[in-house]
Amino acid sequence: MIGSIPFEIPAKYAADLASGSIVRFGGLLKDASTGRIVAHLQETGSLAQRLGAQLLNVSPFDGVSAISSLAGNMQLAKIQKTLELLQIQQWLTLGSSLVGIGVSLAGFKMMSDRFDRLDQRLDAFKEHIDRRFDELVERDYRNHLSRVRDLLREAESAYTYRNPDDRFMRVAESLESVISFLRSEIDHNLGKKGTRNEETIKLLWSLIEGFVTGINARVQCLAEAGEMTAAADLSRREAEGFYRFFDGFSAVDWVNAGIDPAREIETSWERYSIQLNKLHPFENSLTEIQSQMDSRPYLLEYLEQEQIRMSDLRGLMEQETREPVVVLPAR
Amino acid sequence: MAWFVDWLKKLFSSAERRQEPSDSVRNSLDEQGDRGEAVLQSEKPERPPVYVDRVSRSDIIAWRNQCLSFNEIEVRKEYAQLVARIEKELETCSLVKLGDQQRFHKEQVQPLINESEKQVIVRCMAYAEDGLRKIPGIDAMAFDQPVDYEATNPDLDAQAGLKHGAGSLFMMGAGAAAVPVTASVSTVSAGGLMGLLGATAVSIPIAMTGGTFVVLMVGYGLFRAARSRPVLSEEYLDKVEQSLRKNLFAGRKSVVRQLNGNIKRVSQGLLARARG
């Protein structure tokens, strides 16, 4: 029990998770045989502090050794153990501010840091895919990323106000146009014909990072302003939009679509496997993002039902320093 | 025919199940009634949903993606093994046999290709079915909501698959040589997943047609023929490899396209129903 909210620790569910009678779906645990929501997962300040900043630069395309060395950090041992218990293997490549278990505590500061990194990565894309990525597009990208960053800083500063709700609502509204831009860019890049190299998929991943972070920030702003129903509704709509984009995505289709028609199709299963293996972490990350987005409305609705305010929840979670993730049992 | 009768029984029994709530659903409803909780928001909007689907969308997508990758890799492995086997046949066959490529192909190579393609299809379908069974809650979905197999597989030789049953290899007559199908492998899910993977027919495209073969002319001369052997072998192997690539993974109706098409159709049907 933490404060007045009856949180539990994940270890309590270890046996049921191991036997498969309870399964994790995004940020919730459910009974495998009935589908009943057993509990909601919630990240704590401990996770955000220890994991978040270190994962800002980790992407699904980083080598296994880079991620293993990160996971080998003694400070992260407890986090790793808990996340493995919850079968969140993909977590290490996603970064805490990107997905967020439950309602993100990574904070707007970390979200804006992520946009800084995205901005830096544009230089690399420019070098590799300069024909597609002309100056006009680049300037447009930078303008939008910069706009998101400003909005997130505004949201971060809202905490210092006595009545921050109006500010959160203003940021939530302003984020919509930037999210729309990123959405249309993802759509465009997904449908683009021609050779698909590593750089084009990294660009796509960056757009997705920006898109998801923007959505998370918008949902977070609404929740912070006490608009839980609107936050849950928005979260659900965005999750459905995400299905539309990525339900059909598979590494196989991406590899096959990227095959140069002028060249022979790849006949070697070893070489074909190498191409697929490069994309599998991306494929898995997309599935995990979908699950997280899909499960979040259930938590928001639960918090509203239980009349738990975001500020109270955040306060309690920030105080928790031992457990990286806690469990909020559904009643 | 026994399996077909069995399938019909299951289909009707699942239709009956849809009319009355299944035990698990009934228990769920009782439990909700006891606790005053609601499944659908529209019923009692003041309460948040406490149930999500037993089958997770993420599990279905992961299953689909694993199958697509497995199929692509597996047919390429099969291709490599098949080419090696055909090369061995070429090395050991007599010059006389090689001289009549059409006959050599029909008698020595085509049976190898048929068997090999059949085996890879069966392996891929078994992998798909095994993976599907492991998805939590999928068995109940299979019985409660069977996929309309024929409606979801319009471009496949479904009738041939249904007609010839599980694991059968149906060889069409010589007159069908012009049709790009010589055989159809049909694997039928045994047990509870009948409604999901159903009877999946994958047609095996014809490997090569008669016009592509070289037949040594009478009087060509044994000595010249012997000298031509490496050239003949290479030409023949090139043609077979080209044809195999098209049939296995490069062509529009290749084995892997058909297998992956089936997997995508089934996953689309499941995703349309699963939430949570």
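Me: Which residues of H3(B) and H11(B) meet?

Reply: From H3(B), Arg57(B), Ile60(B), Arg64(B), Cys67(B), Leu68(B), Asn71(B), Glu72(B) and Val75(B) meet Val255(B), Val256(B), Leu259(B), Asn260(B), Ile263(B), Lys264(B), Ser267(B), Leu270(B) and Leu271(B) of H11(B). By class, this contact has 10 nonpolar, 3 polar and 4 charged residues. The model is predicted: local features need pLDDT of at least 70 and side-chain atom pairs count only at pLDDT 80 or more, while totals for chains, interfaces and linings use all residues. Residues are numbered from 1 along each chain as its sequence is written, and chains are lettered from A and ligands numbered from 1 in the order in which they are written.

Me: What makes two residues a contact, and what puts a residue in a class?

Reply: Two residues are in contact if their C-beta atoms, placed from the backbone, lie within 7 Å. Ala, Val, Leu, Ile, Met, Phe, Trp, Tyr, Cys and Pro count as nonpolar, Asp, Glu, Lys and Arg as charged, and the others, Gly among them, as polar.

Me: How do H3(B) and H11(B) run relative to each other?

Reply: Axes are lines fitted to C-alpha atoms, for helices over the stretch in contact, and the angle between N-to-C directions runs from 0 to 180 degrees. Angles under 35 degrees count as roughly parallel, over 145 as roughly antiparallel, 65 to 115 as roughly perpendicular and the rest as oblique. H3(B) and H11(B) (residues 255–271) pack at about 175°, with axes 10 Å apart. The two helices are therefore roughly antiparallel.

Me: Which relation holds between H12(A) and H3(B)?

Reply: H12(A), residues 269–305, packs against H3(B) at an angle of about 175°, with the axes 9 Å apart. This pair is therefore roughly antiparallel. The residues in contact include Trp269(A), Tyr272(A) and Leu276(A) of H12(A), and Ile61(B), Ala62(B) and Ile73(B) of H3(B). By class there are 7 nonpolar, 7 polar and 6 charged residues.

Me: How many residues does each chain give to the contact between A and B?

Reply: Chain B gives 32 residues and chain A gives 31 residues. On the side of chain B, the elements with two or more residues are helices H2 (23–35), H3 (57–92) and H10 (222–250). H3(B) supplies the largest share, 14 residues. That side of chain B has 15 nonpolar, 8 polar and 9 charged residues.

Me: What makes a stretch a helix or a strand, and what makes two strands pair?

Reply: Helices (H or I, at least four residues) and strands (E, at least two) are DSSP runs, numbered from the N terminus. Two strands pair if DSSP finds at least two bridges between them. E1(A) and E2(A) (residues 28–31) have 4 bridges, E2(A) and E3(A) have 3, and E3(A) (residues 37–43) and E4(A) have 5. Among the facing residues, Phe25(A) stands opposite Leu28(A), Leu29(A) opposite Ala39(A), and His40(A) opposite Leu328(A).

Me: Why is one side of E1(A) and of E4(A) left without a neighbour in the sheet?

Reply: The open sheet has 4 strands in the order E1-E2-E3-E4 (chain A), paired antiparallel. E1(A) (22–25) and E4(A) (325–329) stand at the edges with a single partner strand each, so one side of each has no neighbour in the sheet.

Me: What share of chain B is buried?

Reply: Of its 276 residues, 37% are buried. A residue is buried if 20 or more other C-beta atoms lie within 10 Å of its own, exposed if 12 or fewer, and partly exposed in between, with C-beta atoms placed from the backbone.
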